[in-house]
Structures are given as C-alpha cells and as structure tokens.
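Here is a structure to read feature by feature. Please keep the sequence and the 3D view open as the dialogue runs.

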Amino acid sequence: MNSDSHRPGDLQPYGKLPVPRLTPDLLALIRTGEVLSLSVVYAPGIPAPGPLAPFTLVPAIRHGDEPGLAPASYAAEVISMSAHVGTHIDALCHIGEWRDETGAPASEGRVHLYSGDGQPVYADRSVGRSGQTHLSIADMPPIVTQAVLLDIAGYKGVDVLPPAYAITPEDVDGALARQGSEVRPGTAVLVRTGFYRHLASGNSAAYKNDIAGLGLDAARHLLDLGMTLAGADNMTVEAFYPPYDHAVHRLLLVQNGVTHLENLYLEALAERQITECVLIVTPLRIEGATGSWVHPIAIV
C-alpha cells in the first residue's frame, strides 16, 4: 500500500489493524465513561532511543514580538524530535529483517518488510526522497479497540521488573488469571513492567538500558491468543539487551503485521485495577514516516 494510492479521508486495514468501528461489544466495556490518559509528558530530557533526535522546544514567537497585531498577541514554538520519542506508535515499515535467498533470517542478504500477501517487499525498493513508500504511518487508520492491561509487575509483586527481565508465557497466563482477564482475537495488550517509574524519577539510564519486557515466547503466546496490538510502559515493548536483535519487533511487525505502542503511562490503570478498557489511538498521517507521536486514551 502506498500513501499516494488513496485520498486523505480514506481508511484501510493496516497489518492486523482493521478499519475501526465502535461496536456494541466495545460500548459494553464502558462502565463509567471516564477517560484516562495513557501518554507520558514530553519535556526536555525525555529519553530518546540510541542516536535518534531528542526532544527540543524553541520559542519562535513570544507574546509581544508582534506589536502590529495589538490588541491581540500570540506565541508559537518550533518542536524537533524523532517520531520514536515519547509515547508513539510504530509503523510497520519501522523494522525490517535481513533474510537470505531462502527467506530465512540472516546476517546478510536483503532487508524485507512486512507483506500481508506473502510476496517479498524489499526495504531498498520501498524508500524515496520523502521517506518510506510501503506502509508508512500515513496509511495507519485510527485505532478503536478492546485493550487488556497485562500487569506483570503487579503479578510479580514488585514496583518495577528487574533489568533485562524477559516476560515468559507463564507470566502472561499467571497475570491474566490473577486479573481475571482474557486476551481474545482483536485485543490490544498493554504490558506494565513498572519501567515508567524510572522515567518519572529521572533515571534515564535505567529506563533506556537492559529493558524488561516481552520475551519472544511470550510474544508468540499472545499472538496465539489473538493480540493485534502490543503496548508497554517501556521504550521497546520487548525485553531489550545485548545482542539487541529486535527479535520481538521482527516477530510482531515484520512477520505478523502487529504494531507497537511504546512509552505508555499505565500506572493509573494498575492503581485502580482497571484491566479492560476501550483504547483509542489516533496516529498522525505523516507520509513517509516510520512512526507517529500519539496520545492514547482509555475509556473505562
């Protein structure tokens, strides 16, 4: 799919994400109608992955700089950062996988992107002067879906999971049983590791290094249960430590068309023991981009 192939108002399925509908089943999840923010706050010093551009905000026009507009006055700023800073969603073109001539993962060959029809899509043929041409974030529809909070930190009885802890299928099943929750086909799964607390305390090193998150077998298990969107209160969704092979990213995004929500704020849901909600996420339609900043909300 190319973002030039349809008009701005058109919505199409995107990987495992359908065109959204507010169904009676979704409405039945809403008990009070209260809306909770699942976004972190963007501010100077918010961690950026690796070499990606950090968050900066520079006032461009200050109140009083345009006296010719009196009695009106206005202010505006310029913001710069990578699309993968703060609470954001990954486009399916964000991650590729090197494969050999047989299509197996390899250390060399050609980089493949997600292809729903099984036909190879090569990264070197899917980029132009304006960015990605295959499944950029401009192609992603808004998301309106059922979400389940998977509170692994709570299940383990800790505020924060240990560094580099890889969540197991047994952890998934144990947390779901403890909560009385179920992951059904079409479910978004929001994984609480407790790593947000490192971010809130200003400990960027702990937040960015040796990240606790989904292990590969746990991710496979959630796919088998019907997960169509993965989110977490960390930078990577998956457990992330050397050799940094992005195994869960490759499994979900490249091999299965399941995207990621990263750097979520899940503490309010956990504190109130809200384990199911309606999740709404609206990516910006930025042609060619590999992701988008978002402000997800939970309706409970």
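The dialogue below goes from the whole chain to single residues.

Q: What kind of model is this, and how are residues numbered?
A: This is a predicted model; local features need pLDDT of at least 70, side-chain atom pairs count only at pLDDT 80 or more, and totals for chains, interfaces and linings use all residues. Residues are numbered from 1 along each chain as its sequence is written, and side-chain values use heavy atoms, with hydrogens and water left out.

Q: How many helices and strands are there in the protein chain?
A: Helices (H or I, at least four residues) and strands (E, at least two) are DSSP runs, numbered from the N terminus. The protein chain has eight helices and 17 strands.

Q: Which radius of gyration does the protein chain have, and what would a compact globule have?
A: The radius of gyration is taken over C-alpha atoms, and the globule rule is 2.2 Å times the number of residues to the power 0.38. For 300 residues a compact globule would come out near 19 Å; the protein chain has 20 Å, which agrees. Along the principal axes, its C-alpha atoms fill a box of roughly 65 × 50 × 45 Å.

Q: What share of the contacts links residues 24 or more positions apart?
A: Contact means heavy atoms within 4.5 Å. Take the contacts in the protein chain with a separation of 6 or more: residues 24 or more positions apart account for 74% of them.

Q: How many positive and negative side chains are there?
A: Lys and Arg count as positive, Asp and Glu as negative; His and the chain ends are not counted. A charge is placed at NZ of Lys, CZ of Arg, CG of Asp or CD of Glu. The protein chain has 19 positive and 32 negative side chains. The centres of the two sets lie 3 Å apart.

Q: Now to one strand. Which strands pair with β14, and in which sense?
A: Two strands pair if DSSP finds at least two bridges between them. Strand β4 (residues 88-90) pairs with β14 in the antiparallel sense, over two bridges. There, Ile89 has Leu261 of β14 as its bridge partner. Strand β13 (residues 227-232) pairs with β14 in the parallel sense, over three bridges. Here the bridge partner of Ala230 is His260 of β14.

Q: Are the faces of β14 covered or open?
A: Both faces of β14 (residues 259-262) are covered. Thr259 and Leu261 are buried on one side, His260 and Glu262 on the other.

Q: What does Thr259 touch?
A: Thr259 is in strand β14 and counts as buried at 2% relative accessibility. Not counting residues up to four places away in sequence, Thr259 touches several residues, including Leu17, Ile89, Met140, Ala230 and Leu253. His94 is 165 residues from Thr259 along the chain, yet their C-alpha atoms are separated by 9.5 Å.

Q: Why is helix α7 called largely enclosed?
A: Eight of the ten residues of α7 (residues 247-256) are buried, so the rest of the structure largely encloses this helix. Among them are His249, Arg250 and Leu253. Just after α7, Gly257 takes a positive phi of about 70°.

Q: Are Leu135 and Gln273 buried or exposed?
A: Leu135 is buried, at 7% relative accessibility. Gln273 is exposed, at 68%. Leu135 has a positive phi of about 55° although it is not a glycine, and so does Gln273.

Definitions and conventions:
Buried means under 20% relative accessible area, exposed over 50%, partly exposed in between (1.4 Å probe, protein chains only).
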